[in-house]
Amino acid sequence: MSSSSNISIQINHVSKLFHKQNQRTFKELIPALFGGQKVVESFWALKDINLEIKKGKTIGVIGPNGSGKSTLLKLIAGVSQPTKGKIITHGKVAPLIELGAGFHPELTGRENVFLNGIILGMSRAEVTEKFKKIVDFAEIWDFIDQPVKHYSSGMYLRLAFAVAVHTQPEILLVDEILAVGDVSFQAKCFKKMDEFKNNGITIIYVSHAIESVRGFCDKVLYIDQGKMMDYGESGKVVEKYLEEMNVISK
Amino acid sequence: MTIFTKYKELLVELTKREIKARYKQSVLGYAWVILNPFFQMLVMAFVFSKILRITNLSVPYALFLYVGLLPWNLFATSVTSSMNSLVANSSLLTKIYFPREVFVLSTIAAKIVDFLLASIILVIFFIFFHQSVTANIWWVLPIFMIQQLFTYGLSLILAAFNLFYRDIQYLFGLIILTWMYLTPVIYPTEMFPERYRWIFKLNPMAVIINAYRQVLLSGGTPNLTSLGIALGLSIGMVAIGYKIFKRLEGMFADVV
């Protein structure tokens with residue numbers, strides 16, 4: 001522990017091989033087997049990613065669609081295992097769950113706060129204790145006893161974000177989703193994340209909103225087709241990414 | 001086993017979600033859980049006691065049927081829903097880690113709650129038909145436990161496979177129908193051709209249904225040899241199911 005005490009996430013030469021099942025039904029599978037078609041196709045979603053993230057740093061992850069950003073998050077969250085290499089995380093990881101995932105549309109906001117909080121690893125007592133704070137943060141007191149199916153996507157997001165940030169994570173995984181909130185709530189989210197930064201919480205921020213990545217992140221990882229293209233100071237990496245994307249579109 | 005300690009609250013919460021969400025929208029709400037099997041029983045009782053005429057029973061056919069039908073429904077709905085539980089929760093599966101059998105367990109738990117509620121009608125039936133019970137009724141608990149073990153083991157296997165090939169659920173719809181006819185749910189064992197009756201010995205559900213009837217309707221003790229075999233098969237099913245499930249678990253988020 002002593003040597004790694006200021007390391008939050010260690011990604012050691014991680015590669016991920018995906019096996020794409022070409023046939024998901026027997027109707028497709030049986031002719032394929034007789035016809036000698038490939039049943040499984042493999043491709044590398046990540047190739048030899050190697051980096052060390054220090055505690056309290058905010059790391060942006062950028063890259064075109066299908067570059068492996070989400071796969072990387074899955075590996076850090078521990079829901080998927082690397083094919084090669086190793087990922088070591090120190091501390092509790094909280095993913096910002098995409099809209100709807102940890103929520104049930106028929107349940108009320110209140111019920112969903114408990115459901116989502118417990119899914120994210122809080123105890124019932126902890127959720128009860130933080131309930132007021134969570135709803136205050138989300139600013140949805142008027143709707144807290146309504147089924148969330150009546151919520152707008154912004155309200156949904158506010159509640160989801162509020163629960164996630166109150167789980168006291170040590171590593172926060174933020175995927176794209178912030179884009180749905182309105183400007184003032186986005187500002188609030190960034191403020192909260194700033195507070196996290198100051199408290200030594202590591203944030204992995206995946207986004208296509210290049211400007212927010214540049215402004216908000218300490219370092220940026222740029223990946224394309226599973227390969228690490230660059231990693232370093234935000235401004236520089238973002239610049240490189242924009243340049244290369246432009247080259248491709250020209 | 002840590003699943004029942006460390007993940008107890010999660011299990012409870014997901015079970016509650018399952019139960020609440022299902023009936024929040026319907027007018028009669030939870031009454032459907034009771035009404036559904038009740039009407040199913042009425043229709044079947046009419047067909048099999050008035051048209052196809054299953055006779056020579058020591059108890060009214062409706063009662064005979066219900067004692068078998070309720071646990072059978074519990075089994076069939078538990079397995080069918082569990083099988084879909086991973087696919088239905090795919091967005092959680094790809095975002096956050098906790099042991100995936102929580103999904104299967106919470107689905108089964110929700111079905112048990114349904115079953116207990118539906119059993120109210122059975123109690124009313126017992127009173128209505130003046131059916132007396134003996135001290136042997138306590139056997140219901142171990143029989144129920146064996147049924148749940150068997151259900152859990154089978155559910156684990158099917159839930160995992162269904163992630164890879166969604167056809168499993170359609171195929172299973174066919175299997176469960178056949179299975180019901182090969183289990184003495186709507187008819188007594190004695191009506192089944194004697195030379196094929198050995199099938200029931202290998203079918204834990206047949207043993208379980210017969211055992212319920214034995215302790216609830218005849219007031220006797222269950223056939224311990226058969227129940228022992230069923231227990232052995234059920235434990236084996238859980239052992240194999242758990243092993244397969246855990247083996248494939250690491251791939252769930254990748255294939256879903």
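How many residues does the contact take from chain B and from chain A? I looked this up before anything else. The contact takes 31 residues from chain B and 36 from chain A, where contact means heavy atoms within 4.5 Å.

Note on the source. I am working with a predicted model, in which local features need pLDDT of at least 70, side-chain atom pairs count only at pLDDT 80 or more, and totals for chains, interfaces and linings use all residues. Residues are numbered from 1 along each chain as its sequence is written, chains are lettered from A and ligands numbered from 1 in the order in which they are written, and side-chain values use heavy atoms, with hydrogens and water left out.

Entry, the interface. The size of an interface is often given as the accessible area lost when the parts come together. For chain B and chain A I find about 2900 Å² buried between them, 56% of it on carbon and sulfur atoms. Buried area here is the accessible area (1.4 Å probe) that two parts lose on being put together, summed over both. On the chain B side, E13(B), K95(B) and Y165(B) supply 23% of the area that chain B buries against chain A, more than any other three residues.

Entry, a helix pair in chain B. I looked at helix α3 (residues 61-88) and helix α7 (residues 167-181) of chain B, which pack at an angle of about 170° with their axes 11 Å apart. The two are therefore roughly antiparallel to each other, a term for angles over 145 degrees. Axes are lines fitted to C-alpha atoms, for helices over the stretch in contact, and angles run from 0 to 180 degrees between N-to-C directions. Helices (H or I, at least four residues) and strands (E, at least two) are DSSP runs, numbered from the N terminus. Residues making this contact include W72(B), F75(B) and M83(B) of α3(B), and F172(B), I176(B) and W179(B) of α7(B).

Entry, the cores. A nonpolar core is a set of buried Ala, Val, Leu, Ile, Met, Phe, Trp, Tyr and Cys residues joined through side-chain atoms within 4.5 Å. Buried means under 20% relative accessible area, exposed over 50%, and partly exposed in between (1.4 Å probe, protein chains only). The largest core has 138 residues, and those with the most contacts inside it are M193(A), Y205(A), W72(B), F75(B) and I186(B). Helix α3(B) gives the largest share of this core, 16 residues. I then followed W72(B): leaving aside neighbours within four places in sequence, its contacts include I176(B), W179(B), M180(B) and V185(B). A second, separate core of 22 residues includes V14(A), L73(A), V206(A) and I223(A).

Entry, positive phi. H13(A) has a positive phi of about 45° although it is not a glycine. I place H13(A) in strand β1 (residues 7-21) of chain A; with a relative accessible area of 44%, H13(A) is partly exposed. R53(B), also not a glycine, has a positive phi near 50°. R53(B) is in the loop between α2 (31-51) and α3 of chain B and is exposed, with a relative accessible area of 54%.

Entry, two buried residues. V165(A) is in helix α5 (residues 153-165) of chain A and counts as buried at 4% relative accessibility. Beyond four places in sequence, V165(A) is in contact with K192(A) and F196(A). N203(B), in the loop between α8 (198-202) and α9 (204-216) of chain B, is buried at 8%. Not counting residues up to four places away, N203(B) touches W179(B), L182(B) and T183(B).

Conventions. Angles under 35 degrees count as roughly parallel, over 145 as roughly antiparallel, 65 to 115 as roughly perpendicular and the rest as oblique.
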